[in-house]
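Hi,

Here is the structure I said I'd pass on. Have a look at it first, and then read my notes below.

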Amino acid sequence: MAAPMLRWGCPGTRWALAGIGGGFRHRRGASIGSTPNPTREQSTVAQKPLHTAQKLRKGEHKWAAVVGLEIHAQISSNSKLFSGSQVCFAAPPNSLVSFFDASLPGTLPVLNRRCVEAAVMTGLALNCHINKKSSFDRKHYFYADLPAGYQITQQRLPIAANGSLAYSVCVGKKRGQLVSKRVRIKQIQLEQDSGKSLHDDLRAQTLIDLNRAGVGLLEVVLEPDLSCGEEAAAVVRELQLILQALGTSQANMAEGQLRVDANISVHHPGEPLGIRTEVKNLNSIRFLAKAIDYEIQRQINELETGGKILNETRSFDSKLGCTVPMRDKEGKQDYRFMPEPNLPPLVLYDSTTLPAGVDSQQVINIDQIRDMLPELPSVTREQLVQQYGLLPEHSVTLLNEVGLLEFFQNVIKETRAEPKKVASWVLNTFLGYLKQQNLTVSESPVTPSALAELLDLLERKAISSSVAKQVFQELWRGQGKTAAQIVSEQKLELLQDPAALEQLCLATMEEHPQVVTVVGEGGRGSRPDTFP
Amino acid sequence: MWARAVWLALRVPLGRRRGFTCQADSQGSGRITADVIEHLERLALVDFGSREAVVRLEKAVAFADRLHAVDTDGVEPMESVLEDRCLYLRSDNIAEGNCAEELLQNSHRVVEEYFVAPPGNISLPQLGEQLPFPTDSSSHSGKGIPHEHVEEQ
């Protein structure tokens, strides 16, 4: 369908300025992949191709990869989707469980208004058509962390459908050529989360914690318009930013608030789609990209050596950097979908269809929610470009790095330097130091005020730009000195007095008469490094 | 009694509802194949137990097929007797929870406030390995992990 027909993957092996390659660590050194990734330490700025496994074979048939994503985002709400128990990340096991969540007989689901509003808001932000009537279904399967034996979801008539998400990827060898793309959204539905199971293989048992059972999830189903890991990573990052801007989900992958499954297949352009595999257990955007690229290559290798692809579910082993089949090779599940008999259809209204004299708590007005939509990341980026004259790719980086935009804006507030100058310092020097030492913006030893002061000195021409870099390095040591202090202590100021400068020049020329002759004869083009 | 229970349990998945995945139905000859039996036993964790039960099932399906005699062209299906009701929306307040002790009393085994379940992913023996009928089929203790649940490691 929409898969670009290229040498199996993306044009060029560049990472999107969506900042992959270290940009998405939520906690440094957390359990996301225990072995340090070699590429992380190499680059100072996150612009390094990560998948060196991709070898473009000349003369082979072209391959096109088709990637479809299913994203589950935990709704940011006080209580669960169908019950009044609390939603909280870390709590004593089974302490946030109501009788309904434990699926005790006689309990019934009661829909949480906040979750519906969150779903409508997300649907509107993603350009979806909001279904005025949607219904709930049961999806049956047996597993210990699903006490009821079924999950309440919205398979047939979801709350929103047919939307799109715009994102950008880098193309070409030249850094900074952004291409804007769109991925279609098939549907957005409300569903229940399951509990957590901890496998204790030693004692052949599984420990079940139902705190998470029943928490509201937004499932965003994307059409398979993507073709490589880079695109998928950019899409997920953009969705994360949107959800965070809307406040509908904190979308923190490390805490399991955002989960992504990828369906991957390869085929020759023009031929029917190949068998697809599903890859799960992806808990960071970086691993998502790696896993997808690995899987694409694996499928190509398999097919080129005459093998077959099995329709299976695979897991991503972050230590080995590859996908492995999961133990269960059952094949397609049959979920026996049926309408949820305990819930009538969900009816939404807009300003024209809103019935009169109804309790406002009991109706949801789509237009009202649309008016409450906050500024979306794409608008913020556009504004940055307009207001500060930044390049689009700079605004992308500013938004993609957590806390960087705020840092940038704080520096701007306190300095008289030009925004472009500030941007250059923030995006190159500051971000470079952060990446090199694997720090987040919040962990930076340099505060916005400190940088602002430094930039003021530079702007007043009190110091040169090379000195400024030196001072920045000093500031980074975090010894509590301000830029001005460092400059005066180490006597790094530029000489301003013309008489003193003239004196210095004459003295230099007297000490090196030969060089003066050379320059006198050569005229223009004398090399600056002849001067001590 | 037994036939009615089977009929009720199977009415939904075997019905021809719009938009739902249909079971591989061998409605043509009215016979239900061993594959379907195995599939149903695994999905619904029921035990057919005997050839007689399967025959009863086939009769039940044939009985239900008489619904096709009704002309439903242009009639919207009723999915819920509640379809005219308003779906009540609860405000987002915390009102329940904090009853771990009570809930854990329901569990046969408990380890430090966790429910204990047998390990997931015990695959059922294949049909060929089982005795055909009558069978003791006590192998319903587990099934393959459904694909949603393999993220916990």
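**The interface between the chains**

Chain B and chain A bury about 6000 Å² between them, with 57% of that on carbon and sulfur atoms. Buried area here is the accessible area (1.4 Å probe) that two parts lose on being put together, summed over both.

Before going on, a word on the ground rules: this is a predicted model, in which local features need pLDDT of at least 70 and side-chain atom pairs count only at pLDDT 80 or more, while totals for chains, interfaces and linings use all residues. Residues are numbered from 1 along each chain as its sequence is written, chains are lettered from A and ligands numbered from 1 in the order in which they are written, and side-chain values use heavy atoms, leaving out hydrogens and water.

Back to the two chains. In chain B, 59 residues are in contact with 73 residues of chain A, where contact means heavy atoms within 4.5 Å. How many salt bridges are there between chain B and chain A? The count is zero, a salt bridge being a side-chain nitrogen of Lys or Arg within 4 Å of a carboxyl oxygen of Asp or Glu. Polar contacts do turn up: 17 residue pairs across this interface, both residues at pLDDT 80 or more. (A polar contact is a pair of N or O atoms within 3.5 Å; within protein, one must be able to donate a hydrogen and the other to accept it, and residues adjacent in sequence count only if both atoms are side-chain atoms.)

On the side of chain B that touches chain A, the elements giving two or more residues are α1 (2-14), α2 (34-44), β1 (89-90), α4 (100-104) and β3 (114-117) of chain B. Helices (H or I, at least four residues) and strands (E, at least two) are DSSP runs, numbered from the N terminus.

Strands also pair across the chains, and two strands pair if DSSP finds at least two bridges between them. Strand β10 (residues 205-209) of chain A is joined to β3(B) by three bridges, and the two run antiparallel. Look for Leu207(A), whose bridge partner in β3(B) is Val116(B).

**The sheets of chain A**

Nine strands of chain A make an open sheet with mixed pairing, in the order β3-β7-β8-β11-β1-β12-β13-β14-β15. At its edges are β3 (129-130) and β15 (322-325) of chain A, each pairing on one side only. Ten bridges link β7(A) and β8(A), which run antiparallel; there, Gly163(A) has Ile185(A) as its bridge partner in β8(A). Seven bridges then join β8(A) to β11(A), again antiparallel, with Gln189(A) opposite Glu219(A) in β11(A). By contrast, β13 (residues 277-280) and β14 (residues 313-317) of chain A run parallel, joined by three bridges, and Lys280(A) stands opposite Ser315(A) in β14(A).

Helix α3 (residues 229-246) of chain A packs on this sheet, touching β1 (64-74), β7, β8, β11 and β12 (258-267) of chain A.

Chain A also has an open sheet of three strands, ordered β6-β5-β16 with antiparallel pairing. Its edge strands are β6 (150-153) and β16 (338-339) of chain A. Two bridges join β5 (residues 137-140) of chain A to β16(A), and Asp137(A) stands opposite Pro339(A) there.

**Salt bridges**

Over all chains, the structure holds 21 salt bridges. One to find is between the side chains of Lys132(A) and Asp350(A), at 3.1 Å, N to O. Lys132(A) lies in the loop between β3 and β4 (133-134) of chain A and Asp350(A) in the loop between β17 (346-347) and α5 (366-371) of chain A, so this pair ties together parts 218 residues apart in sequence.

Cheers

Technical notes:
Axes fitted to C-alpha atoms, helices over the stretch in contact; angles between N-to-C directions.
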